[in-house]
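Here are my notes on this model. Please read them alongside the coordinates.

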Amino acid sequence: MKKENTVRLLVIDNSSDDTEMTANLLRRAGHGVRVTRAERLEEVQTEMEGQAFDLIVSLPKLGDIDVQQVLTLVREAGRDIPLIVVARGAEDQEAALEALRNGALDLAQKDQPERLQFIMLREISDLELRRNHRLCEASLREVEKRNHLLLDSSRDATAYVHEGMHIYANAAYLSLFGYVSAEDVAGTPVMDMVASSDHSRFKDFLRNYDKSEQSGDIDVLGRHSEGREFTLKMAFSHARMEGETCTQIIIRDLTQS
């Protein structure tokens, strides 16, 4: 998390001094901190409903609070909030270990402030990476959505192929080969779009193209769904669709040209 960002910290502890000490560990590392302390499960639930926390530091057990219950609240809320357990001594060890088995991310002792600081900084950094990753994924989905809209409205006959099979074809491509919907060609070999007389030459081209990182094109006889043949120029280039490597094919009907 960037230093100019404020860490929203929830501390489950009955000591205001220890809570402030925990917050100060982050402040000394350069973070702004907005700390909230809770001593009862009802308080934890209310605070989690009222704001989005970046980090939870909790005793393994405090009054009616069991850290397992806190982990359950986090999961049920669908939140990505790292939880660190702080044990007060040997009496907390078994409960702390059980918390680790059930989803807590690390364990520190009350008398290990340097270790606790290291763990908190690590988890905050990892949280920022996960959030950035989710933002990138959302941006990628939005870009892919816009690309689909552009491809669907394009006059260029365009298809995407993975391992020789169609995974996408736009309206111009379907019209060129006489198909009604994308489902008609989904999962079918691109070889089906080529006349049988050119299959051998087309296979040789595909083998050479797969070995190369360069784009390529080939003129072949295309095969319409009704059986007639027409001359095509097929331009191949390496691409990605929905996170998968694939091949983009753009086709020009040379018969009409």
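**Notes on the model**

1. Glu163 is exposed, with a relative accessible area of 70% (exposed means over 50%, buried under 20%, partly exposed in between; 1.4 Å probe, protein chains only). Glu163 lies in the loop between β8 (157–162) and β9 (165–169). Its phi is positive, about 50°, although Glu163 is not a glycine. Most residues other than glycine have a negative phi.

2. On provenance: this is a predicted model, where local features need pLDDT of at least 70, side-chain atom pairs count only at pLDDT 80 or more, and totals for chains, interfaces and linings use all residues. Residues are numbered from 1 along each chain as its sequence is written, and side-chain values use heavy atoms, with hydrogens and water left out.

3. Helices (H or I, at least four residues) and strands (E, at least two) are DSSP runs, numbered from the N terminus. Helix α3 covers residues 67–76, with Val67, Val70, Leu71, Leu73 and Val74 buried. Seen down the axis of α3, the buried residues fall within an arc of 155°, so they line one face of the helix. The arc is that of the directions from the helix axis to the C-beta atoms.

4. Look at both ends of α3. At the start, a side-chain oxygen of Asp66 comes within 2.8 Å of the backbone nitrogen of Gln68. Just after α3, Gly78 has a positive phi of about 70°.

5. Five strands form an open sheet in the order β2-β1-β3-β6-β7, with parallel pairing (two strands pair if DSSP finds at least two bridges between them). β2 (32–38) and β7 (106–109) are the edge strands. Seven bridges join β1 (residues 6–12) to β2. Arg8 stands opposite Arg34 in β2.

Key:
A polar contact is a pair of N or O atoms within 3.5 Å; within protein, one must be able to donate a hydrogen and the other to accept it, and residues adjacent in sequence count only if both atoms are side-chain atoms.
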